[in-house]
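Here are my notes from going through the model, in the order I'd look at things. Have the viewer open while you read.

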Amino acid sequence: MTLEEIIKEKIKRKGPIKVSEFVELALYHPESGFYNHYPPVIGRKGDFYTSSDLHPIFGRTIGKFLDSKKFPVVLEIGAGKGWLAHDILEEYRGEYWIVEKSRIMQEIEKEVLRNFSNVRWFNNIEEIPEFQGIFISNELFDAFPFDLYKNQEGKWFEILLKEDFSHELCPPDEEIFPLLDHYREAEFVVIPAGWENLIEVLSKKHTGEILIIDYGYERDELVRKFPYGSILTYKNHAFGEHFTKNIGEQDITFFIDFTLLEEILQSNGYSDLIIQTQADFLIEQGIMDVLQEYEKISDEKEKIKARLAVKTLIFDFGRTFKVLRGRKIG
Ligand SMILES: C[S@@+](CC[C@H](N)C(=O)[O-])C[C@H]1O[C@@H](n2cnc3c(N)ncnc32)[C@H](O)[C@@H]1O
């Protein structure tokens, strides 16, 4: 059965499903989900690439920062192909833990990181022991399943998917209303499913700092920019908006609401939260000094590659991508 047939069969049995159930299967179905494909979907030959795929200078700059702060443990959740970890580990000498949900991604990470003996893997956040150190992620929170809500003349409805993937509107659960109230000005809103659970479990085991990198905006700006919802699908590096097409073959993602992420972190004991652009963070952490190291090598091609990567990281990715930092004490 194709993934499309599996999902349709499920809807036939159960009736219309939540969008988050659809996205969970489309992205993470153990055999056919987008993140369980081999060869991997991330990278220039895949459907999209991240800052980590672009050039080692991104991870090395972060690695120098982590090493300078002497964190005993770095926990990365959602390591993709493992290149961010690889480049960080060129600079950082402490323990490195990875929580990775996709079996295929985990296999690729193990291959990419085979020369580092200080890395440990976990299949989910429940498995990690208590630790003191830093939690980091790059493009994790935009890779979560989400639910969709529609505001029809001031009245909210949840969008469910029928067997032919057309929409059915139904009254949302009572407990979501206070949250939806924050998005009054929007016509459609994306509410991630699973952020709260992940952060709640993490917070019970973690003391130290957080460094979250992702693309998105604070709530007011997000609603202004995307009144029809901030979903994106990528196929061959092109945008698409029909997330129910090419099931398992295309990424389904969204610009995240950093205000919501901050609220969830705060309610789980994280404080001193600050958001800055990726550009400001990388410059503050000395990406230009790392670039100087590439300027000293004799290979002209390598020099140009490093310069172009810095330009992309600072100017192209640098404003949409944000860095959220904070801490949790005792
Ligand atoms: C967009 S990729 C980011 C890749 C990588 N961080 C990078 O910089 O290239 C998202 C990754 O997060 C993983 N992931 C998504 N949700 C997760 C969760 N709840 N726990 C652990 N890993 C998760 C996916 O399997 C995938 O490897």
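1. Ground rules first. Helices (H or I, at least four residues) and strands (E, at least two) are DSSP runs, numbered from the N terminus. This is a predicted model, so note that local features need pLDDT of at least 70, side-chain atom pairs count only at pLDDT 80 or more, and totals for chains, interfaces and linings use all residues. Residues are numbered from 1 along each chain as its sequence is written, and side-chain values use heavy atoms, with hydrogens and water left out.

2. The largest pocket. On a 1 Å grid over the protein atoms alone, a pocket is an open set of points with protein on both sides within 12 Å along at least five of seven lines; a cavity is a set where a 1.4 Å probe fits but cannot get out, and lining residues have an atom within 4 Å of a point. Points are joined across faces, edges and corners, and volume is the space filled by probe spheres set on them. The largest pocket holds about 620 Å³ of space. Its lining has 37 residues, and Tyr28, Gly78, Glu100, Lys101 and Leu140 lie nearest the centre. At least two lining residues come from each of H2, helix H3 (51–54), strand E2 (73–77), helix H5 (83–89) and helix H8 (195–205).

3. Charges over rings. The test here is NZ of Lys or CZ of Arg within 6 Å of the ring centre and within 35 degrees of the ring normal. Lys101 has its charged end over the ring of Tyr28, 4.2 Å from the centre; both residues are among those nearest the centre of the largest pocket. Arg120 sits over the face of Trp97, 5.2 Å from the ring centre.

4. The largest cavity has a volume of about 110 Å³. Of its 17 lining residues, Tyr183, Val189, Val190, Leu222 and Ser230 lie nearest the centre. Strand E9 (188–192), H9 and E14 each give at least two residues to that lining, with E9 supplying the largest share, 4 residues.

5. Aromatic pairs. Rings of Phe, Tyr and Trp (its six-membered ring) pair if their centres lie within 6.5 Å; planes under 30 degrees apart are stacked, over 60 edge-to-face, and the rest tilted. The whole structure has 20 such pairs. Take Phe22 and Phe243, which are edge-to-face at 5.9 Å centre to centre with 75° between the planes. Phe22 lies in helix H2 (residues 19–28) and Phe243 in the loop between strand E12 (238–240) and strand E13 (251–254), so this pair ties together parts 221 residues apart in sequence. Both Phe22 and Phe243 are buried (under 20% relative accessible area; exposed is over 50%, partly exposed in between, 1.4 Å probe, protein chains only).

6. A stacked pair for contrast. Phe226 and Phe255 have ring centres 4.8 Å apart and planes at 20°, so they count as stacked. Phe226 is partly exposed at 21% relative accessibility, while Phe255 is buried at 13%.

7. Nonpolar cores. A core is a set of buried Ala, Val, Leu, Ile, Met, Phe, Trp, Tyr and Cys residues joined through side-chain atoms within 4.5 Å. Which members of the largest core touch the most other members? Phe22, Leu75 and Phe141 do, out of 65 residues. H2 gives the largest share of this core, 7 residues. A second, separate core has 46 residues, among them Tyr92, Ile134, Leu291 and Ala306.

8. The ring cluster. Ring pairs link Phe22, Phe135, Phe141, Phe144, Phe146, Phe165, Trp195, Phe243 and Phe254 into a cluster. Beyond its neighbours within four places in sequence, Phe141 has contacts (heavy atoms within 4.5 Å) that include Phe135, Trp195 and Phe254.

9. Backbone check. Most residues other than glycine have a negative phi. Glu153 has a positive value near 50°; this residue is in the loop between strand E6 (146–152) and strand E7 (155–161) and is exposed at 83%. Phe165 also has a positive phi, near 65°. Phe165 lies in the loop between E7 and strand E8 (167–170), but is buried at 9%.
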